[in-house]
Amino acid sequence: MTTRETGDTVHTDVLVVGAGPGGGLLAHLLARAGVDVVLAEKQSTLERSFRGETIAARSVLTLRELGFESALREHGFVEMTGIGQWEKGRRVMHIDYRRFPIGAVPIDIPQPALIGAFLDGSAGYPNFTYMPQSNLTSLVEEDGEVRGGVLRRGDERVEVRARLVVGADGRFSKTRKLSGLAVDVQPMERDFLWFKLPRPDDWGHDGNLLASGDRHLVILPAFPDLLRVGYNLPKRGLADVRAQGLEAFKAGIGEVAPQLTDLVGEHITSWKDTSFLEIFTTDMETWSRDGLLLVGDAAHTCTPILGQGVNLAIQDAVYFCPVIARALREKEGALPAGVFDEVTAERRRHKTMVTRFQRFQEAALAHSSAAGTAMRRTRMRVINRLPFKYRLLDRVLNAPHDMDTEDLHARA
Ligand SMILES: Cc1cc2nc3c(=O)[nH]c(=O)nc-3n(C[C@H](O)[C@H](O)[C@H](O)COP(=O)(O)OP(=O)(O)OC[C@H]3O[C@@H](n4cnc5c(N)ncnc54)[C@H](O)[C@@H]3O)c2cc1C
């Protein structure tokens, strides 16, 4: 079908809701596969200052194989060399990303550049339509099937009729809410405040996690010459932290990371320099209904540990694209939920492995007693010395292992 407008109704094959990394890439890949696709995004621009910027090595490879490397290089990014965990000023764990056999390291690139590359790459496809400032407000449902979505574009109401609506609208997904699909939301023990600082010249390109009792900081090298810092807060503790004042907050950071004291003193001048992230995970047994599919954070929100959110969203796009393209060719009308079962099960395995590792780390980082933190240090040191450390972590960090993009082209 060719996307066409009749009055205030648009007819297409697939409506993708949300131009994040997951929705942006999926819409692009569908267009490449010859599918008529409308990508609706509620924001007017791609600007977003605090969002996942880490692209795991697996997705760096995927993007390279899909031909995005030159666009990403043109913008520029920071390659991460490794990640260390520190306790009481001592490094208890270190992973050198360059030692994995995968052939790529994680990179940091702002989301506008990544998603911009997907949109630029889609612009030449007449079967691709991008609709910014278009907020999904309801689903079109008939005979128990989803047949499209209603978008609010300023004062305008646009109905998009599609054989499949893909909810790629993030951690607070409206599509998920409207779908009625069951979701299990698990709050984590702490929340996060993110902020950015200039990166000193001699800082290096490793990420670092600094733990002190039950407080920790994640410090990541960010593009172009910045540090992206995440500081954990007690669950729903933002109001208390704010009530204690900015100076107390800055002093707390200095206690965990004395090397940041001067930078924080100079560059964090108001709460506007920080961004709050509520940490929770979601799990859904079913990601689809007839005529509807959820991908990315909408289907499975993770914690920031290991920076896997963007990776999972990108891999969802790569896995689901060929299935959607084939089902559109082989079936009629709204795509039946069952066509997604196999790939959903495969993607859930990947997500479950990531969540398990994140929960293990979250629980360890929440220890405040002397005995608990001593146990955490010892455990990290033991893992650090395991001869099969890289093999073990390769499974979690660089998954999935069983598909490459050649397969994607073959299946599309
Ligand atoms: C502060 C912060 C820091 C993070 N740090 C990291 C990190 O370091 N590494 C990492 O991997 N992950 C990180 N994450 C998570 C990461 O950003 C997400 O996992 C990733 O962006 C998920 O991609 P997505 O495409 O599924 O959804 P999103 O990126 O959330 O994109 C969803 C899109 O849908 C749009 N949308 C929402 N509702 C509607 C609607 N009703 N109609 C139309 N459009 C809609 C939104 O505007 C958005 O553009 C972080 C997240 C935050 C908030």
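The following conversation works through selected features of a predicted model.

User: Before we start, what kind of model is this, and how are residues numbered?
Analyst: This is a predicted model, in which local features need pLDDT of at least 70, side-chain atom pairs count only at pLDDT 80 or more, and totals for chains, interfaces and linings use all residues. Residues are numbered from 1 along each chain as its sequence is written, and side-chain values use heavy atoms, with hydrogens and water left out.

User: Let's take helix H11. What span should it have, and how far apart are its ends?
Analyst: Helix H11 covers residues 370-385, and its 16 residues should span 22 Å at 1.5 Å a residue. The end C-alpha atoms are 23 Å apart, which agrees. The expected span is 1.5 Å times one less than the number of residues. Helices (H or I, at least four residues) and strands (E, at least two) are DSSP runs, numbered from the N terminus.

User: Which residues of H11 are buried?
Analyst: Gly 372, Thr 373, Arg 376, Arg 377, Met 380 and Ile 383 are buried in H11. Buried means under 20% relative accessible area, exposed over 50%, and partly exposed in between, with a 1.4 Å probe and protein chains only.

User: Where do they sit around the axis?
Analyst: The buried residues of H11 fall within an arc of 140° seen down the axis, so they line one face of the helix. The arc is that of the directions from the helix axis to the C-beta atoms. An α-helix has 3.6 residues a turn, so residues three or four places apart point the same way.

User: What is on the face turned away, and what covers the buried residues?
Analyst: The face turned away from the buried side of H11 carries the exposed residues Ala 370, Ala 371 and Arg 385. The cover over the buried residues includes strands S7 (82-87), S8 (90-96) and S17 (206-212), along with helices H10 (341-365) and H12 (389-397).

User: Changing topic: how many aromatic pairs are there?
Analyst: A search of the whole structure finds 10 aromatic pairs. Rings of Phe, Tyr and Trp (its six-membered ring) pair if their centres lie within 6.5 Å; planes under 30 degrees apart count as stacked, over 60 as edge-to-face and the rest as tilted. In one of the pairs, the ring centres of Phe 249 and Trp 271 are 5.3 Å apart and the planes are at 45°, so the pair is tilted.

User: Which parts does that pair tie together?
Analyst: Phe 249 lies in helix H7 (residues 246-256) and Trp 271 in the loop between helix H8 (261-267) and strand S20 (274-277), so the pair ties together parts that are 22 residues apart in sequence. Phe 249 is buried, with a relative accessible area of 3%, and Trp 271 counts as buried at 17%. Phe 195, Tyr 231, Phe 249 and Trp 271 form one aromatic cluster.

User: Which ring does the charged end of Arg 228 sit over?
Analyst: The charged end of Arg 228 sits over the ring of Trp 194, at 4.9 Å from its centre. Arg 347 lies over the face of Tyr 319, 5.1 Å from the ring centre. A charge sits over a ring if NZ of Lys or CZ of Arg is within 6 Å of the ring centre and within 35 degrees of the ring normal.

User: What does Pro 304 contact?
Analyst: Leaving aside neighbours within four places in sequence, Pro 304 is in contact (heavy atoms within 4.5 Å) with Phe 192, Trp 194, Leu 277, Ile 279 and Gln 358. Pro 304 lies in the loop between strand S23 (292-294) and helix H9 (309-330) and is partly exposed, at 23% relative accessible area.

User: Is Asp 143 buried or exposed?
Analyst: Asp 143 is exposed, with a relative accessible area of 73%. Asp 143 has a positive phi of about 50° although it is not a glycine.

User: Last one: which strands pair with S14?
Analyst: Strand S3 (residues 14-17) and S14 pair in the parallel sense over 4 bridges, and Leu 15 stands opposite Val 165 in S14. S14 and S23 pair in the parallel sense over 3 bridges, with Val 166 opposite Leu 293 in S23. Two strands pair if DSSP finds at least two bridges between them.
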